[in-house]
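Here is a short briefing on selected features of one structure. Keep the 3D view open as you read.

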Amino acid sequence: MKKNHKAVDFDAIIIGAGFAGLYMLYKLRSYGFSAHIYEKAPGVGGTWFWNKYPGARCDTESLQYSYQFSEQLQQDWDWSEKYATQPEILNYLNFVAEKFNLKKSIDLNTTITNLRYDEQEKIWEVSNQKNQKTYCKFCILATGCLSVPLTPKIKGLYEFNGEIYQTSLWPDKEIDFKNKNIAILGTGSSGIHVIPIVAKQCKELYVLQRTPNYAVPAHNMQLPEEYIRNFKKNYKENREKAKKLVSGFLTEYNTESALEVNKDRLKSEYDKRWAAGGLAFLAAFKDITYNKKANETATDYIENKIQEIVNDKKVAEQLKPKSVVGCKRLVIDTDYYKTFNRKNVKLIDINTNPLKKLTKDKLKLKSSDLNIDMLILATGFDAITGAINNINIEGKNKIKLKDKWQNGPKSYLGLSVNGFPNLFTITGPGSPSVLTNMIPTIEQHVNWIADCMLYMKKEDFNSLEATIEAENLWVDYNESCAKNTLRYNCNSWYLGSNVKNKQRIFLPFVGGLPTYIEKCEEIVLKSYEGFSLK
Ligand code: N01
């Protein structure tokens, strides 16, 4: 960590060793750049390192939720289940890091606290938690979209004598739920995954629900060998097809309108999607995510399913979101609604019976006390901007990124920010990121950034940053796309509405992966239009 005068330690420093950081390192090395990763965790894997809770798995099919940059890697790795579990994904990332000899360029247990741009030298100063400094020309934030856990402020939280676990910070050991009374707070994807598993093992389970969520079955299964063989044989073709789809993953998009088909047709399509399982439910009709009436056909269908599955009709009623499906992220579940038929599971609506405080052994609600041994928090993340804002980033003219973003994040393509030269974000705000299959989107960003760095080297440019005009146009364009959908009809982490005082702005780019890729390619063809190069 010593600086020679006007010299850098690395061409690029990458922050984060998840899917994005690992591939960025590989790609830059392959282009002949020197690069190094700093990672807060004691292991690689990013979000898949931390989210070790029982039942954690991906909601995108495993054969697609994987890298495509190496055909050899695609052929070498075998996914066992339709939706990979967290341990399998973490093993995969360790396998990748070892196969491509990446670990030697990663410092673990290193939290980057400050980034400062030296305008004179045109380099970034990168400081860690021990105030050790490293210098680089390019700084790349691969800090993840869902990597900053939110812990709710519950009175008495630290007086509780029982066990407390948070899904996104789950310890690396087996937790015993047997004979315990457990409360789980939060019914997003994490809560909905952990609840059925805990319910089967514990004595009493209290599900504390603030907002019910729509969930459709995963129908997870072991992948048949023949299916894997065929998919692998056509990997290249499958990837090409997926790239042309809005979500970036292979799925059947129906082009019919839900409002132009008869009831039988509606039901048969939804039945088919329900039986197949997965996020493809939202592609049942072309207007589900755009038109409220069309959306109601889907919510009616799911709410009827809840009514059918859950025996206690009062509980079924409480589980119905009566909202807009696909506004919050649709959850892919295994036996969630069925779990409420178990005698040891109680649903508590914390809107009508609010949580008051924790004592040594009780959770006190307005109209009841729960004797609990364990509290599980599944309360979500400060998404997309959280991890970036956790670093004190100072750009040109000593402007802090956090200050620039106080009224909402501004970024060109989710890749670059005006005032912060040679700083790139992978899947930053304004990128299609979480609305698409993350891995191909990450690979597209990484390739674009590496190509851009190579271009700068060849053309002898020292700095690049988004122009303010291009940045504003992109932010406005994304807002107008989002406002054309039903995304503003609920409170969601996509909008930042789960974080106090966070500006309500739709964070990911909603225009779809093909539009995004086209825009990125067009910019390059026009010699990096919208960027200032010096
Ligand atoms: O978090 P969430 P998550 N008091 O924000 C509640 C990805 N992921 O970790 O809706 C009471 O969705 C909150 O209530 P409300 C996936 O993209 C993927 O579950 O704000 N309740 C909500 O019910 C997912 O969307 C996978 O009213 C509080 C819950 O906690 C994203 O991560 C698996 C509260 C938080 O739900 C986030 O999912 C897991 C409070 N103070 C996660 N604060 C897969 O791929 C929050 N809540 C399978």
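Two strands pair if DSSP finds at least two bridges between them. Strands β13 and β14 (residues 362-365) are joined by three bridges and run antiparallel. The model is a predicted one. The points below cover a sheet, a helix pair and the aromatic rings.

**The sheet**

- Strands of a sheet pair through backbone hydrogen bonds, either parallel or antiparallel.
- Here, three strands make an open sheet in the order β13-β14-β15, and the pairing is antiparallel.
- The edge strands are β13 (355-358) and β15 (369-371), and each of them pairs on one side only.
- On average, neighbouring strands of this sheet are turned by 20° against each other, with direction ignored.
- β13 and β14 form a hairpin, with three residues between them.
- Which residue in β14 is the bridge partner of Lys 357? The partner is Lys 364.
- Leu 355 has its bridge partner in β14 too: Leu 365.

**The helix pair**

- Two packed helices are described by the angle between their axes and the distance between the axes.
- Helix α8 (residues 263-276) packs against helix α9 (residues 292-309) at an angle of about 60°, and their axes are 11 Å apart.
- Angles from 65 to 115 degrees count as roughly perpendicular, and those under 35 as roughly parallel. α8 and α9 are therefore oblique to each other.
- The crossing of α8 past α9 is right-handed.
- From α8, the contact involves Leu 266, Lys 267, Tyr 270, Asp 271 and Trp 274.
- From α9, the residues they meet are Ala 294, Thr 297, Ala 298, Tyr 301, Ile 302, Lys 305 and Ile 309.
- What kinds of residues make up the contact of α8 with α9? Eight are nonpolar, one is polar and three are charged.

**Aromatic rings**

- A pair of aromatic rings is described by the distance of the centres and the angle of the planes.
- The whole structure holds 43 aromatic pairs.
- One of the aromatic pairs joins Trp 79 and Tyr 92, at 4.8 Å centre to centre. The planes are 45° apart, and this pair is tilted.
- Trp 79 lies in the loop between α3 (71-76) and α4 (86-99), while Tyr 92 lies in helix α4, so the pair ties together parts that are 13 residues apart in sequence.

Notes. Residues are numbered from 1 along each chain as its sequence is written. This is a predicted model: local features need pLDDT of at least 70, side-chain atom pairs count only at pLDDT 80 or more; totals for chains, interfaces and linings use all residues. Side-chain values use heavy atoms; hydrogens and water are left out. Axes are lines fitted to C-alpha atoms, for helices over the stretch in contact, and angles run from 0 to 180 degrees between N-to-C directions. Helices (H or I, at least four residues) and strands (E, at least two) are DSSP runs, numbered from the N terminus. Angles under 35 degrees count as roughly parallel, over 145 as roughly antiparallel, 65 to 115 as roughly perpendicular and the rest as oblique. A crossing is left-handed if the near helix is turned anticlockwise from the far one by less than a right angle, and right-handed if clockwise. Contact means heavy atoms within 4.5 Å. Ala, Val, Leu, Ile, Met, Phe, Trp, Tyr, Cys and Pro count as nonpolar, Asp, Glu, Lys and Arg as charged, and the others, Gly among them, as polar. Rings of Phe, Tyr and Trp (its six-membered ring) pair if their centres lie within 6.5 Å; planes under 30 degrees apart count as stacked, over 60 as edge-to-face and the rest as tilted.
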